[in-house]
Amino acid sequence: KLNLHGRDFIEFTDYTKEEIEYLLDLAIDIKKKQKNGEVYQPLKGKTIGLIFEKSSTRTRVSFEVGMFQLGGHALFLSKNDIQFGRGETISDTAQVLSRYLDGIMIRTFAHSNVTDLAKYADVPVINGLSDDAHPCQVLADFQTVLEHKGKLKGLKMAYVGDGNNMAHSLMLGAAKFGVHVSVASPKGYEPSASIVDQAKSIAKETGAEVVVTNSAQEAVQNADIIYTDVWASMGFEEEQKEREAAFADYQVNEELVKGAKPDFIFLHCLPAHRGEEVSEGVIDGPNSAIFDQAENRLHAQKALMAALMG
Ligand code: CP
Ligand code: NVA
């Protein structure tokens, strides 16, 4: 059994393949316990603070409910209500909150806010989404893939769309799990070159292949998993119109998915825009696993909190 007590969870690169697999196993075990009605409360008396600078449905609810189920307490700390939103520094916020809390989750814009919080906090910091990464989502995503496919290593994931936080964490997560990943984005919207390099170097050790292309057709060829995300992420709303034009040929629809394996699964972190990045037929069709995926946020994050804060 690995000991992850006291660790931060900021991006997959901070964890070994064994540690990530351990978290996934724990998530599956915790889900089973819940389905069997077993009470599992390793975090009795513990408190996590949830700092939100951006909107959320899944992340907020799954962390709050998850912490309650683990026997602890979660505090919703909206940017509009805490002094951080009025300019109190990250370092003061981190040091003060560390005197009250056993863990902090943050959803923010600049990724450096997450790393700075982690640097100054004495308690584990969990990245609940930054402009650069969304690892909690990806942990739940691979739990979903494992449940649907019975394995991870050797599968092929196609990500079609914006080279954003989702694309980044998916590439790093896929590389760790030995899942081949092809990312197709329009010119100018590719994932960050440094993340691509990191994913490629991790992939060398696990036997995964990491491909970045401008062709959605090429990416989905023979895919076991097709993933997409919104064209304009939180913080990029004013670019909606120009992005609709740039991404017009990158919709995941019935035509595009013909290139994938017949039993491919469709994933989307949600929220989704039907008729933009994905057609109604695909997201609401028989291959879609979006609600299993959303549910797994709860189980995966319970595993994360139990491992880091337990
Ligand atoms: N997928 C996800 O993180 O959803 P929320 O923005 O609703 O938390
Ligand atoms: N890329 C999206 C993900 C939302 C969960 C965003 O950052 O808005």
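**Strands, sheets and burial**

Reply: Begin with strand S1 (residues 47-52), which pairs with S3 in the parallel sense over five bridges. Keep in mind that this is a predicted model.

Me: Which residue in S3 is the bridge partner of Ile 48?

Reply: Ile 48 has Gly 103 as its bridge partner in S3.

Me: Which strand do three bridges join to S3?

Reply: That is strand S4 (residues 125-127), running parallel to S3. Here Ile 104 stands opposite Val 125 of S4.

Me: What unit do S3, helix H4 and S4 make?

Reply: They form a β-α-β unit, and it is right-handed. Helix H4 covers residues 111-120.

Me: How do I read burial along a strand? Is S3 mostly covered or mostly open?

Reply: Take the strand residue by residue, then face by face. S3 spans residues 103-107 and is mostly covered, with five of its five residues buried. One side carries Gly 103, Met 105 and Arg 107, the other Ile 104 and Ile 106, and all are buried.

Me: Now the open sheet of five strands. What is its order?

Reply: The order is S7-S6-S5-S8-S9, and the pairing is parallel.

Me: Why is one side of S7 and of S9 left without a neighbour in the sheet?

Reply: Strands S7 (210-213) and S9 (265-268) stand at the edges; each has a single partner strand, so one side of each lacks a neighbour in the sheet.

Me: How many bridges pair S5 with S8?

Reply: Four bridges, in the parallel sense, between S5 (residues 156-160) and S8 (residues 225-228). Met 157 has Ile 225 as its bridge partner in S8.

Me: Which strands does helix H6 touch?

Reply: Helix H6 (residues 165-177) packs on the sheet and touches S5, strand S6 (180-184), S7 and S8. Its direction makes about 170° with that of S5.

Me: Which strands does helix H5 lie across?

Reply: Helix H5 (residues 135-149) lies across S5, S8 and S9. It runs at about 165° to S9.

Me: Let me try one residue. Is Pro 135 buried or exposed?

Reply: Compare its relative accessibility with the cut-off: buried means under 20%. Pro 135 is at 0%, so it counts as buried. This residue lies in helix H5.

Me: Which residues does Pro 135 touch, not counting those up to four places away in sequence?

Reply: Pro 135 touches Phe 9, Ile 10, Glu 11, Phe 12, Asn 127 and Ser 169.

Note on methods:
Residues are numbered from 1 along each chain as its sequence is written. Chains are lettered from A and ligands numbered from 1 in the order in which they are written. This is a predicted model: local features need pLDDT of at least 70, side-chain atom pairs count only at pLDDT 80 or more; totals for chains, interfaces and linings use all residues. Side-chain values use heavy atoms; hydrogens and water are left out. Two strands pair if DSSP finds at least two bridges between them. Helices (H or I, at least four residues) and strands (E, at least two) are DSSP runs, numbered from the N terminus. Contact means heavy atoms within 4.5 Å. Axes are lines fitted to C-alpha atoms, for helices over the stretch in contact, and angles run from 0 to 180 degrees between N-to-C directions. Buried means under 20% relative accessible area, exposed over 50%, partly exposed in between (1.4 Å probe, protein chains only). A crossover is right-handed if, with the strands pointing away from the viewer, the path from the first strand over the helix to the second runs clockwise.
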